[in-house]
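I opened the model today to look up a few local features. My notes follow in the order I took them.

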Amino acid sequence: MSFPLLASSTTLPPPPLPAAIPGQPPSLAQRIHIPSHIYKHPTAILLELCTSMKELHQILPHIIKNGLYNEHLFETKLISLFTKYGSLNDATKVFDFAKLKVDPMYHTMLKAHTRQSTVDSSLSFYSRLRYDNVTPVIYNFGYLLKACADTSDVLKGKQVHAQLILHGFSDNLFAMTSIVNLYAKCGMVGDACKMFDRMPDRDLVCWNTVIAGYAQNGMSKRALGLVLRMHEEGCHRPDSVTVVSILPACAAIGSLRMGKSIHGYVYRNGFESLVNVLTALVDMYAKCGSVGTARLVFDKIDSKTVVSLNAMIDGYARNGYYDEALIIFRRMLDEGFKPTNVTIMSTLHACAESRNLELGQFVHKLVNQLGLGSNVAVVNSLISMFCKCQRVDIAAGLFKNLTGKTLVSWNAMILGYAQNGCVMDALTLFCKMHLLNIKPDSFTMVSVVTALAELSVLRQAKWIHGFAIRTCLNRNVFAATALVDMYAKCGAVHTARKLFDIMDDRHVTTWNAMIDGYGTHGFGKEAVELFDEMRKGHVKPNDITFLCVISACSHSGFVDKGRNYFKIMREEYSLEPSMDHYGAMVDLLGRAGQLGEAWDFIDNMPVRPGLNVYGAMLGACKIHRNVELGEKAADKLFELDPDDGGYHVLLANMYATASMWHKVAKVRTMMERKGIQKTPGCSLVDLRNEVHTFYSGSTSHPQSEKIYAYLEKLLDRIKAAGYIPDTDSIHDVEDDVQEQLLKSHSEKLAISFGLLNTTAGTTIHIRKNLRVCGDCHSATKYISLVMKREIIVRDMHRFHHFKDGACSCGDYW
């Protein structure tokens, strides 16, 4: 909307003359005489005592009954009360019918428009005010500028700025503070600073405004510098508003030391009883990772508000204390506080990370009760929560019905599909987004790349890499890190390293991705060397880094190095091991055959061992045929999760490896009684833009006859080269049947299909959903030898690079 008046000079059309008032000159600005019987009337007194819209509606009939509705006093008072209680429409009706409109009426109405209507409506009324020849006062511009600032409408704000100058208020401290606030809230901090520097006099409000502007626009160090400048100039002492403005800046740069200094200032200056100051301290401590101190400050707040409760919930959630966050949320509901959108989003984050679907569904119902179902940010949080709780179907429904989708909405849904293994759905949604001309950002790229990493198809990986280069998103450190991770998970670990080497900036997650990539490919030496290089640089390893390097040591049999890394994790980096770290250590010791030490390690854990710890122990016992410890580990596993099919199968396989067939039968009977089914083996191979899936023993593929015929000849060739089928895990059938069962394993079918349909020398990439069995591992080594092919197999734990009759794992997996 255009406002010609705001761009023109102050020359205006002549205003209409008001009706003559007996005994009064026709001047709108002159004080109006109110007869005593009017202002002493009981109804006038009632208006003075009115405290709500309900009371006002009760008084209105008395005004009409007594014929007072045309009296100037009552018109003025009604406009004031209607605007005060948020009824701009009623105030407008009174204003429009008033015969005598004095200047204060215009000022009251303009103030109401800026608070209860749009910026366009406010500026339209300002145009009317000028047309009626009312002289603006400084506060008119303050209200208009605040309205523009609150809606980030800098264009109209500049028009108001021009009017302010035309009316001679450019040197007014209040006006210039409003201008500084406008530019700061609209993200034009440079212009705000210019206005601030030009001001001959600055009060504390002005200093606070520009400090808050810097802090809110991500210029935390400049905000802190300005506080120091204010202190050095000695003009003003920071007040509680300064403190509340500067604490988020400390949080943004993680300066706990500076935050503590401000906390000391708070106590020295008597601000410790102010709820907003204590809330800002809670937020600062939580964002600086000192959540215990945040809770101590929180507990000292006598009159907690929704904002202070939100700060504590968010503080717990962002620091991984999800149960504590949810306890505060329940307490908030029990005490009768009404949750806001901020409450809901923080709580949903805690539900998502703790996989608390039950509470997440309760919050979903609460969202609808609170009328927040159309709030895009809240729905985005719901989508993320349901995806992380493995209810991608509900998330997809929310996404489909969401009006006003933002880029965050698309990113959340794409990532949700990727995290739940719905790779094709993620790619389809990304393509749809592209067709709708929605420009992706680095988060979109990370989500799509994550999906393709799970698909593990090198051709698709190269396609998305090309897309990232064309959109210049490959320069973003997180997108580039995702590409490194993707190439490693697609079997191209050397390409991943090339990308890693050319990156100008490397985040800790970048190092983690590359170390983990080396580890899963069995390149333990390279993983260890890269970790040691990281320790010499400026990027500090985190808990995930240590998990990656210990796992790499586990895959390569570097027991001593793995032990040492677990030790220095706590001693040199003050990082407490998580359950994943304990599981990795048991896996490290168990794979190396040090089962006694592994069991002692479990017994001495300072926390109760989890599923992954006993699962690693059972897997090691299967490999090394230690039935006694394996049974002990299985008993613990079934106490923790009696219905996990994977561990029942692992126990049965351990018995089979030890030829304890009666116990195999017992486990299988138990599985049947519980309704637990074994996950069927499945292998995938990509060929000519199509992913082909093979299940053990399946004959549904169009080329099944050719595949089985080719496999027969292939097995004869590798037997001639020295291959001996491993039938230890099969019993109760004849020898020839045992071989037939081994022949039909899914990876053998996938490899045969790949050899049939590709030219000599082409590398074959296979992805399997389970661990590679011993027989298939042996057969694939011989196939790589006789067919002179490189075969890369990604199983559920790691990569195997088969070439010239050898595997990168060195038969240690």
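I started with the salt bridges and got a count of 27. The model is predicted, so these are computed contacts.

I looked up Arg295 next. Arg295 pairs with Asp299, and their closest N and O atoms are 2.9 Å apart. Both sit in helix α18 (residues 291-299), four residues apart, which means about one helical turn between them. Arg295 is partly exposed at 24% relative accessibility. Asp299 is partly exposed too, at 42%.

Then I took Lys768. Its side chain meets that of Glu747 in a salt bridge of 2.9 Å, N to O. Lys768 is in strand β3 (residues 764-768) and Glu747 is in helix α43 (residues 746-757), so this pair ties together parts 21 residues apart in sequence. I checked burial for each partner. Lys768 has a relative accessible area of 7% and is buried. Glu747 is buried as well, at 3%.

I also noted Lys156. It bridges to Asp153, with the closest N and O atoms 3.5 Å apart. Is Lys156 buried or exposed? I found it buried, with a relative accessible area of 11%.

One group goes beyond a pair: Asp96, Arg128 and Asp132 are linked in a network of salt bridges.

Next entry: helix α6.

I asked which residues of α6 (residues 88-97) are buried. I found Leu88, Ala91, Val94 and Phe95. They span an arc of only 125° around the axis, so they lie on the same side of α6. The face turned away from that buried side carries the exposed residues Asn89, Lys93 and Phe97. I then looked for what covers the buried residues. The cover includes α5 (72-84), α7 (103-116) and α8.

Next entry: His161.

I located His161 in helix α10 (residues 154-166). It counts as buried, because its relative accessibility is 10% and the cut-off for buried is under 20%. Which side chain does the His161 side chain meet in a polar contact? It is that of Tyr183, at 3.0 Å. I set aside neighbours within four places in sequence and listed the remaining contacts of His161: Leu145, Ile179, Tyr183 and Met195.

Last entry: the surface.

I looked up a nonpolar patch of about 270 Å². Val137, Tyr139 and Phe174 make it. I placed Val137 in the loop between α8 (119-131) and α9 (138-150). Val137 is partly exposed, with a relative accessible area of 31%.

How values were computed: Residues are numbered from 1 along each chain as its sequence is written. This is a predicted model: local features need pLDDT of at least 70, side-chain atom pairs count only at pLDDT 80 or more; totals for chains, interfaces and linings use all residues. Side-chain values use heavy atoms; hydrogens and water are left out. Helices (H or I, at least four residues) and strands (E, at least two) are DSSP runs, numbered from the N terminus. Buried means under 20% relative accessible area, exposed over 50%, partly exposed in between (1.4 Å probe, protein chains only). A polar contact is a pair of N or O atoms within 3.5 Å; within protein, one must be able to donate a hydrogen and the other to accept it, and residues adjacent in sequence count only if both atoms are side-chain atoms. Contact means heavy atoms within 4.5 Å. Patches are made of residues with over 30% relative accessible area and no salt bridge: like charges are joined within 9 Å, nonpolar side chains (Val, Leu, Ile, Met, Phe, Trp, Tyr) within 5 Å. Accessible areas come from the Shrake-Rupley method with a 1.4 Å probe; for residues, only the protein chains shown count as cover. A salt bridge is a side-chain nitrogen of Lys or Arg within 4 Å of a carboxyl oxygen of Asp or Glu. The arc is that of the directions from the helix axis to the C-beta atoms.
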